[in-house]
Amino acid sequence: MTPIQKCLINKNTKINPVWLMRQAGRYLPEFREIRKQNPNFIKLCLNTDLASEITLQPIRRFGFDGAVIFSDILMLPYGLGQKVEFEKNFGPKLGDIDLETIRDVDEIIFSEKVYKVYKAIEKTSKDPLMSNRDMIGFVGAPWTILVYMINKSSPKKGLSDDFFKDDFLINRLLGIIEKFLKLHIKNQIEAGAQVIQIFDSWAGLLENKIPEYIYIPTLNIVDYVKKLGVPVICFPRGIKENYKDFNNLVKPDGINIDSEIDPDWAKDKLKDVVIQGGLDPRTLLKTDDEIFKGATKYIKAFKDMPYVFNLGHGLLPETDPAKVEKLINFYRSS
Ligand code: CP3
């Protein structure tokens, strides 16, 4: 078994694995160099050699225990035939949804559209650097994918009042999303993914209907991943004290806490689960002492427990890689 698997499945408390969300990305000059030559982000995700190279860049630098495949949660709507583009200084921009066309997409059409992601996982898993390291595959949670597909961009200002207006569309889409998320997960596992993380980045937007849009659809996916025999980590960002209900109902192997969650609260309330993450990524923009102090809070709280060190959200693009190195060295030596 690989280190993160040992922590998640065997509840081994001696390993203390570490990886960081968005560890492959814009804070690394070697990523920016490749990105400059490849202005089309989706095409870059579908370039097997480059996607694999980008996935390994942070492993080479920092020796993380897990490598998260360089891809994006929006490969799902892309595979369903929705237009997906990334605009500089704006973020993702999606096209209109055409339920007629999406309805006609079958498993073969979808898998063929994104199969290079699986090729990249396969290639990366075979790299000598990956021995005794976890290959982490991922998807967006049904709710977060639904949000992007309907809102067509990041809902930075919240959801529009008419988001839920078309009940029929929402329910049909949610069913389709769930079906293809399962396929996308199965394909990643068959290609070599050893851990699956489910990102629910916009879970915090919902005030009610949380069971309907978060707990139930995520539980369906988590049960499916468990049936495939692979450990699964959930990240329902921003749901505050609902983390407790989420954990009791969905029962993932691992749960990534966001930076708003107090680690002592998590230790007390989140039972029968391995906790991951928590440290505010903005901490890495501060002085060394502040970084070590921030990390110590988590190290102390989860001492003698199985814990996967990570952040409370993705690394910020403006992060200095030297600070990441200091954090990892500090964590490893503490
Ligand atoms: O190290 C890794 O984690 C690599 C793989 C990865 C990416 N995106 C690459 C990426 C993962 C796991 C994701 C997940 C993802 N993508 C999420 C969930 C996590 C989160 O941050 O909440 C979400 C919401 C997305 C959708 C998405 N993709 C957005 C909103 C953006 C724009 C971000 C921005 O700051 O401009 C992306 C683009 C993206 N995905 C980049 C990377 C490295 C930046 C692309 C670039 O411009 O170079």
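In this predicted model, the helix α13 (288-301) gives the second largest pocket the largest share of its lining, namely three residues. Helix α14 (321-333) is also involved: α13 and α14 each supply at least two lining residues. The pocket itself has a volume of about 300 Å³. It is lined by 16 residues, and those closest to its centre are Asn16, Ile299, Lys303, Tyr331 and Ser334. Sorted by class, the lining comes out as seven nonpolar, six charged and three polar residues.

Lys303, one of the residues closest to the centre of that pocket, sits in the loop between α13 and β9 (307-308). Is Lys303 buried or exposed? Its relative accessible area is 55%, and since anything over 50% counts as exposed, Lys303 falls in the exposed class.

Next comes the ligand. There are 22 residues around it, and the ones that come nearest are Ala24, Arg26, Arg35, Asp72 and Ser201. Two of these arginines reach an oxygen atom of the ligand with a polar side-chain atom: for Arg26 the distance is 2.5 Å, and for Arg35 it is 2.6 Å. His313 does likewise, with a polar side-chain atom 2.9 Å from a ligand oxygen. On its own, the ligand has 880 Å² of accessible area, and the protein covers 87% of that. As for the make-up of the shell around the ligand, 12 of its residues are nonpolar, six are polar and four are charged.

Asn89 is not a glycine, but it still has a positive phi, of about 60 degrees. Asn89 belongs to the loop between β2 (84-87) and β3 (91-94). With a relative accessible area of 81%, Asn89 is exposed, because the cut-off for that class is over 50%. Lys152 is likewise a non-glycine residue with a positive phi, here about 70 degrees. Its place is the loop between α8 (142-151) and α9 (167-191). Lys152 has a relative accessibility of 28%, so it counts as partly exposed, the class between under 20% and over 50%.

Which loop holds Asp98? Asp98 is found between β3 (91-94) and α6 (99-103). Its relative accessibility is 37%, which means that Asp98 is classed as partly exposed. Asp98 and Gly294 are 196 residues apart along the chain, and their C-alpha atoms are separated by 46 Å.

Ile261, for its part, lies in the loop between β7 (254-256) and α12 (263-269). Although it is a loop residue, Ile261 counts as buried because its relative accessibility is 5%, and the cut-off for buried is under 20%. From Ile261 to Ser333 there are 72 residues in sequence, with 25 Å between the C-alpha atoms.

Conventions:
Residues are numbered from 1 along each chain as its sequence is written. This is a predicted model: local features need pLDDT of at least 70, side-chain atom pairs count only at pLDDT 80 or more; totals for chains, interfaces and linings use all residues. Side-chain values use heavy atoms; hydrogens and water are left out. Helices (H or I, at least four residues) and strands (E, at least two) are DSSP runs, numbered from the N terminus. Buried means under 20% relative accessible area, exposed over 50%, partly exposed in between (1.4 Å probe, protein chains only). A residue is near a molecule or strand if one of its heavy atoms lies within 4 Å of it. A polar contact is a pair of N or O atoms within 3.5 Å; within protein, one must be able to donate a hydrogen and the other to accept it, and residues adjacent in sequence count only if both atoms are side-chain atoms. Accessible areas come from the Shrake-Rupley method with a 1.4 Å probe; for residues, only the protein chains shown count as cover. Ala, Val, Leu, Ile, Met, Phe, Trp, Tyr, Cys and Pro count as nonpolar, Asp, Glu, Lys and Arg as charged, and the others, Gly among them, as polar. On a 1 Å grid over the protein atoms alone, a cavity is a set of points where a 1.4 Å probe fits but cannot get out, and a pocket is an open set with protein on both sides within 12 Å along at least five of seven lines; lining residues have an atom within 4 Å of a point. Grid points are joined across faces, edges and corners, and a volume is the space filled by probe spheres set on the points.
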